[in-house]
Amino acid sequence: MARSNKIKRTKGEKILFTIAFIILAIFSATYLVAFFFVIMNSFKGSIEYLITSRFQFPKEWRWNYSRVFTEFEVNGSGYFRMCFHSIWFSLTGSIPALLSTAACSYAYARYKFPGRKIIFLINLIMLTLSLPGSQVAYYKLFCDLGWKNNIGYLWGCFGGFGGQFIILAGFWKGIDWAYAEAAYIDGGNEWTIFTKVMLPQAVSMLGVFFLLGFINSWNNHEFTMLYMPKYPSIAFGLYEYQAKTGRSMDTPLYFAGLVVTSIPSLTLYVLFQDTILRTVNVGGLKG
Amino acid sequence: MILSKPLFRKRTGAIRIENGIKHGNPVFAWILILPAFLTWLVFWLYVNYRSIILSFQTTDPITNEYVWTLQHYKWVVESFFETSSGSSGLLAICLRNTLTYFFTNYFIIQTCNVILAYFLYKKIAGYRAFRFLLYLPNLLAGATMATIYKQLVAYNGPIVDLFMNLGWIEGPIRPQWLADERYAMTLSVIYSLWLGVGGTMIYSLGAMSRVPHEVIEAAQLDGITPFKEFVFIIIPLISQTLITLYVLGVAGFLSAGGATLFLTAGNYNTQTLSFWIWWQIYTGGSTGTSSALGICMTLVTLPVTLLVRWIGNKITPEVTF
């Protein structure tokens, strides 16, 4: 039966929803105004930006966006190089962690093996025990191993536990084992079943985690700042540019850089927001 | 909706399956687990072990060798108390700021997120646009929104202009709020509030979208009000998600913070405990005191987290649907 799209609300509900609408609209409007502010000022000259009202349209429109790719430079890296670093860090920051989490959660969810309870315990500890002081030892370990500004950092990119473990374990538990049985009958082994039967069913969920991980890594400045400062990402570059230039910063150029940098993550979210919302569901911690 | 776990047992040749879990072949299971387990061993277990050791060690300035000491813990404890000049200790300020962020993020923002998610779930007018716009700050580099905010509240920014026009600020000196100890922290918290709405909303909304429509329809046929629907149906059905979010929030309650680096770089009494540790690493400060502070933070956080988790598990039903 087709469900009516029109939602009928009572008078009390209408008042409640109107109030909620106003609150949501105010919050959303502030974000839009902020973006409008950045985009509008990214078309000004640096002098005009300083001497005129920030909420005034540019008297002389300037295309600062082409300058982003030629003049924006941090620690010897131009915008394109920083872009490459960002893509590299985003891919390496999301894919190894995602694959190891998928494999670990699958084994936990579908196999009974010695140490299974320990795996759950490790996950629980990692979720409930916050150890902020370990950042120092982590950094020292990286330095001692010579992984600072070195590709060896990739060893630290694997994950396996945390919130995604819970979500994926729940997902694997929900898949009908009949698929695996059919593959067994056709002569498939454990590896074939995992890679060719189970993983393909999780593609949309893994895709969402990849997107969120990619966006998160794309915007992460702290990792590059501490561990790979010689290879600045765009997120770090933006901070560094602002910190180094201080009051002499070419703000419209900086704003143009912010806009260009925001495009990839915004585009990904716009394209996949429905899928993300359908897929993301945090379960409980009970195991 | 299933309120209890159904047990079923199935045998297919040599493969025994109970509750959907396969028995046998532990080698393959461990091969899959190995990358995650090794990462955990090195980057969590060993790192935390080193962290504990570091907190008890210092370098002898003469022999340049490590010696055991309690001086880091002594410094941490002393830094929570007033200095000889009568001002608050450095870490006392950090703790106060951390707790301010925690209460803002945990109680105000998280609760607002759940409530607003309900309205989006009920498809309020423009819900698709709101859903996108409210999540927008989470999609951008930290520098982006922080820079915009700094420009908005700057001494020559539009908000100061507005306040001066309204007569709320008397000139001629324009205030630099983010560079003033009296206002910097308040403005940093306002920034967190401004951008926090929408952050964890995605999880609440995701959980709500999985609530069976039949349950809602049945309740609506009985004339349920939105308030009762939210309190008596939605909240219990998404309780597992909420408990997880709140337990995770408590687990990090002493690590709470805002955009300190971008807004003030920790100046003007805006440092938090986690920022202080991070800043020590970045600037090459004392590793021993940072580790000692981290250990103290963990010792305080752990029992609180376990208590919240225990209470959460006691009061929430185990619901699957």
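This is a predicted model: local features need pLDDT of at least 70, side-chain atom pairs count only at pLDDT 80 or more; totals for chains, interfaces and linings use all residues.
**Entry 1: domains of chain A**

Chain A has domain 1 (11–68) and domain 2 (74–279), with bounds that come from an automatic or database domain assignment. I noted that their C-alpha centres lie 32 Å apart. For contact, I used heavy atoms within 4.5 Å. By that rule, domain 1 of chain A puts in 13 residues and domain 2 of chain A puts in 10 residues.

Ground rules for my notes: residues are numbered from 1 along each chain as its sequence is written, and chains are lettered from A and ligands numbered from 1 in the order in which they are written. Local features need pLDDT of at least 70, side-chain atom pairs count only at pLDDT 80 or more, totals for chains, interfaces and linings use all residues, and side-chain values use heavy atoms, with hydrogens and water left out.

**Entry 2: between the two domains**

I looked up buried area next, the accessible area (1.4 Å probe) that two parts lose on being put together, summed over both. Between domain 1 and domain 2 of chain A it is about 1100 Å², and carbon and sulfur atoms give 80% of that.

Then I searched for salt bridges, where a side-chain nitrogen of Lys or Arg is within 4 Å of a carboxyl oxygen of Asp or Glu. One salt bridge crosses this interface. I also found one residue pair in polar contact, both at pLDDT 80 or more. A polar contact is a pair of N or O atoms within 3.5 Å; within protein, one must be able to donate a hydrogen and the other to accept it, and residues adjacent in sequence count only if both atoms are side-chain atoms.

Which helix gives the most to the domain 1 side? It is α1(A), with four residues. Helices here are DSSP runs (H or I, at least four residues), numbered from the N terminus.

**Entry 3: Arg67(A) and Asp250(A)**

Which side chains of chain A meet in a salt bridge at 2.4 Å, N to O? They are Asp250(A) and Arg67(A).

I checked accessibility: buried means under 20% relative accessible area, exposed over 50%, partly exposed in between (1.4 Å probe, protein chains only). Arg67(A) is partly exposed at 22%. Asp250(A) is buried at 14%. I also noted a network of salt bridges that links Arg67(A), Glu71(A) and Asp250(A).

**Entry 4: other salt bridges**

The whole structure holds eight salt bridges over all chains. I looked up Lys244(A) and Glu240(A), whose closest N and O atoms are 3.4 Å apart. They are about one helical turn apart, because four residues separate them in helix α12 of chain A. Lys244(A) is exposed at 57%, but Glu240(A) is buried at 9%.

In chain B, Arg182(B) forms a salt bridge with Asp180(B) at 2.8 Å. Arg182(B) is exposed at 62%, while Asp180(B) is buried at 19%.

**Entry 5: chain B against chain A**

How many residues does each chain bring to the contact? Chain B brings 104 residues and chain A brings 102 residues. The buried area is about 9700 Å², with 71% from carbon and sulfur atoms. I found zero salt bridges between the chains, but seven residue pairs in polar contact. Helix α1 (residues 26–55) of chain B gives the most to the chain B side, with 20 residues. That side has 61 nonpolar, 31 polar and 12 charged residues. I counted Ala, Val, Leu, Ile, Met, Phe, Trp, Tyr, Cys and Pro as nonpolar, Asp, Glu, Lys and Arg as charged, and the others, Gly among them, as polar.

Terms used
Helices (H or I, at least four residues) and strands (E, at least two) are DSSP runs, numbered from the N terminus.
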